[in-house]
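Welcome! Here is a friendly tour of the structure shown below, taken topic by topic.

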Amino acid sequence: MALQNKYLADLLETVKKRNPGEPEFIQAVTEVFTSLEPVAEKRPDLVEAGVFERIVEPERQIIFRVPWVDDNGVQRVNRGFRIEFNSAIGPYKGGLRLHPSVYLGIIKFLGFEQIFKNSLTTLPMGGGKGGSDFDPKGKSDGEVMRFCQSFMTELSKHIGPNTDVPAGDIGTGAREIGYMFGQYKRLRNEFTGVLTGKGLTFGGSLARTEATGFGVCYFTEEMLKANGKSFKGQTVVISGSGNVAIYATQKATELGAKVVTMSDSNGFIYDENGIDLAAVKQIKEVERKRIKEYLNYHPEAVYTEGCSNIWNTPCDIALPCATQNEIDGESAKKLAANGCYCVSEGANMPSTPEAIDVYFENKMLYGPAKAVNAGGVAVSGLEMSQNSERLSWTFEDVDSRLKNIMVNIFKSCDEASKEYGLEGNYMAGANIAGFLKVAEAMKAQGCV
Ligand code: NDP
C-alpha cells in the first residue's frame, strides 16, 4: 500500500535512492513509515526536528576485511560489518550474524529494526547490528576460532561497554561469542561486558540462552489472553531449529501447546505426537547435525525436503523462528485456510508485506518481530547490568524480569495502537511506541 503522507512518501523515495540494491532495508523502512503516518500528522514538531530523516540514516557504517587461514593452510577472506545505527537512548546494541547471505542491506535492516525493539524493552540501549558472510557450518572449531579472532581484531577498534555491545544472532552462539570475547580481552587488556551472550563462567547471564524463545511465548501468551485465548491445547507450527526455535518450542510446550514442526534450511520435520525437544537439542546443540536426523529418534515422524511447505501444516498458532521473509503471501493464505488464527514472529521480519496483508485481511492476531522477539536483547541488557554490578542474578530472577518486560511490551503496543485509532494492530503499536521514545530523545539532543 502506497504511503498517503506526502512528507513520508517523499522521504521514502530518498531512502530508496540512497540505498540502492538493499531490498530488505527498504522493506523495513516502508513498514515502519506506514505505521508512523498518524505520528507524522499528529507530531509536526518531530518532522521539524528532522527526526524522520535522521533515524533512517545510520550514525556509522563500518565494513572491513576479515582474513583467516583454514585447516589446509589456505588464506580465506570474508567481509565484516558493523552498523552503529542509533545511540539516542543508549550504547549501540544488537547481534552479529554469521551467514553466507549477509551483505550490507541485511545488516542495515536488522540494525534499523533493532532501534525500535531496544526502545520497547524500556532499557537504555541504542540500535546496532553486525556480522559477516562467513558460514560457520561445516567449519572446524579451529577455523571458527581463527575467523572470530580476525573479525574481533578489527571490530575491537569500534566497540566498548559504553559505546557498542554486540551479541549473538544467526550463526553466532556461545562458541563464537567466547572466541570473540577472548580476543577482545587480549587486545584491549580489559575484562569488560563488551559482548552479551557470554559463557556463565565469564560474565554471562543465566536465562540468556532461553530468553528470546521464552520471550516469544510470554508476549504471545499475553496477546492471546487479551483476545480470550491461550496456548493451552493449541497446535503450534514452529520453523527453525536454532536458539530461538528451540526455546520457543520448550516454553510453548510448558504452556500447554503441542508443537508439531521444526525445520532447518534443508527441510522440516512433522511429528503429530509433539516434538521431542530432547532429541532436537541433542541433534542441534550437541552434534550440530541436520534436522532430518530426528527420524533416527522418531521414525514415525515425517521429513519433507525444502522449507516453504511447513506453512501448509494445519495449526492454530504459527511461530516463524528461522529467518527473514520465510512466509510469503501464498504461505500466509495457506496458514489462514488451514485454521491458523495467530502468527507471532520469533525471527526478524519473517513475513513479507504480502503475508502481513493476508494476516490483517483474515483478522488474524499478528505479533510483530520487533516486539515479540525483544526478550533476547532485554536479557542482554540485564547481562550488562549484572556485569556493571559484578553480580550474577538467579535464573528465576532473570526469567521473572524477562516475563515482566514482555508483558509490558505487549501493553505498550496495545496502548499505542489504541491511542492512534488502530486497535488490535500490534505492528503499528510496536512501531509507534518504539519510535516515540527514541524520537523524543533525538529531538532533545538537537541536530546530531
Ligand atoms: P540460529 O543460527 O541459532 O538458528 C537459525 C535457524 O534458522 C536454523 O535452524 C537455520 O537452519 C534456520 N535458517 C537460517 N537461515 C535460513 C534460511 N535462509 N532458510 C531457512 N532456514 C534458515 O539463529 P537464531 O535462532 O539465533 O535466530 C533465528 C532468528 O531469530 C533470526 O531471524 C534472528 O535474527 C532472530 N533473533 C534472534 C535472537 C537471538 O537472541 N538469538 C534475538 C532476536 C531475534 P540452518 O542451520 O540450516 O541454517
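Strand 1 and strand 2 (residues 75-86) run antiparallel to each other and are paired over 10 bridges. Within that pairing, I62 has R82 of strand 2 as its bridge partner. Please keep in mind that this is a predicted model.

- Five strands make up an open sheet with mixed pairing, and their order is 1-2-4-3-5.
- Strand 1 (60-69) and strand 5 (164-167) are the edge strands, each pairing on one side only.
- On average, neighbouring strands of this sheet are turned by 20 degrees against each other, with direction ignored.
- Helix 6 (residues 141-155) lies across strand 1, strand 2, strand 3 (92-98), strand 4 (126-132) and strand 5.
- Relative to strand 1, helix 6 runs at about 145 degrees.

- Strand 6 (residues 235-238) pairs with strand 7 in the parallel sense, over three bridges.
- In this pairing, T235 has K258 of strand 7 as its bridge partner.
- Five of the six residues in strand 7 (residues 258-263) are buried, so strand 7 is largely enclosed by the rest of the structure.
- A hairpin of three residues links strand 7 to strand 8.
- Strand 7 and strand 8 (residues 267-270) pair in the antiparallel sense over three bridges, and T261 is bridged to Y270 in strand 8.
- Strand 8 also pairs with strand 9 (residues 302-305), again in the antiparallel sense, over four bridges.
- For G267, the bridge partner in strand 9 is E305.

- You will find Q234 in the loop between helix 8 and strand 6.
- Is Q234 buried or exposed? Its relative accessible area is 16%, under the 20% limit, so Q234 counts as buried.
- Leaving aside residues up to four places away in sequence, Q234 touches G256, A257, K258, D316, I317 and Y341.
- One of those contacts, K258, is also the bridge partner of T235.

**Helix 8 against helix 16**

- Helix 8 (residues 208-226) packs on helix 16 (residues 395-419) at an angle of about 45 degrees, and their axes are 9 Å apart.
- The two helices, helix 8 and helix 16, are therefore oblique to each other.
- Their crossing, that of helix 8 and helix 16, is right-handed.
- On the helix 8 side, the contact is made by E210, A211, F214, G215, Y218, F219, E222, M223 and A226.
- On the helix 16 side, the partners are F395, D399, L402, K403, M406, V407, I409, F410 and C413.
- The residues of this contact between helix 8 and helix 16 comprise 13 nonpolar, one polar and four charged.

**Helix 2 against helix 17**

- Helix 2 (residues 23-42) and helix 17 (residues 426-444) pack at an angle of about 75 degrees, with axes 9 Å apart.
- That angle makes helix 2 roughly perpendicular to helix 17.
- Helix 2 contributes E31, V32, S35, L36 and V39 to the contact, while helix 17 contributes M427, A428, N431, I432, F435 and L436.
- By type, the residues of the contact of helix 2 with helix 17 are eight nonpolar, two polar and one charged.

**Residues with positive phi**

- As background, most residues other than glycine have a negative phi.
- A207 has a positive phi, near 75 degrees, and is not a glycine.
- Where is A207? A207 sits in the loop between helix 7 and helix 8.
- With 6% relative accessibility, A207 counts as buried.
- R288, also a residue other than glycine, has a positive phi near 50 degrees.
- The place of R288 is the loop between helix 10 (277-286) and helix 11 (294-297).

**R188, in helix 7**

- R188 belongs to helix 7 (residues 174-188).
- At a relative accessible area of 34%, R188 is partly exposed.
- Which residues does R188 touch, not counting those up to four places away in sequence? They are S156 and I159.
- R188 and T153 are 35 residues apart along the chain, and their C-alpha atoms are separated by 10.0 Å.

Definitions and conventions
Residues are numbered from 1 along each chain as its sequence is written. This is a predicted model: local features need pLDDT of at least 70, side-chain atom pairs count only at pLDDT 80 or more; totals for chains, interfaces and linings use all residues. Side-chain values use heavy atoms; hydrogens and water are left out. Axes are lines fitted to C-alpha atoms, for helices over the stretch in contact, and angles run from 0 to 180 degrees between N-to-C directions. Angles under 35 degrees count as roughly parallel, over 145 as roughly antiparallel, 65 to 115 as roughly perpendicular and the rest as oblique. A crossing is left-handed if the near helix is turned anticlockwise from the far one by less than a right angle, and right-handed if clockwise. Contact means heavy atoms within 4.5 Å. Ala, Val, Leu, Ile, Met, Phe, Trp, Tyr, Cys and Pro count as nonpolar, Asp, Glu, Lys and Arg as charged, and the others, Gly among them, as polar. Buried means under 20% relative accessible area, exposed over 50%, partly exposed in between (1.4 Å probe, protein chains only). Two strands pair if DSSP finds at least two bridges between them.
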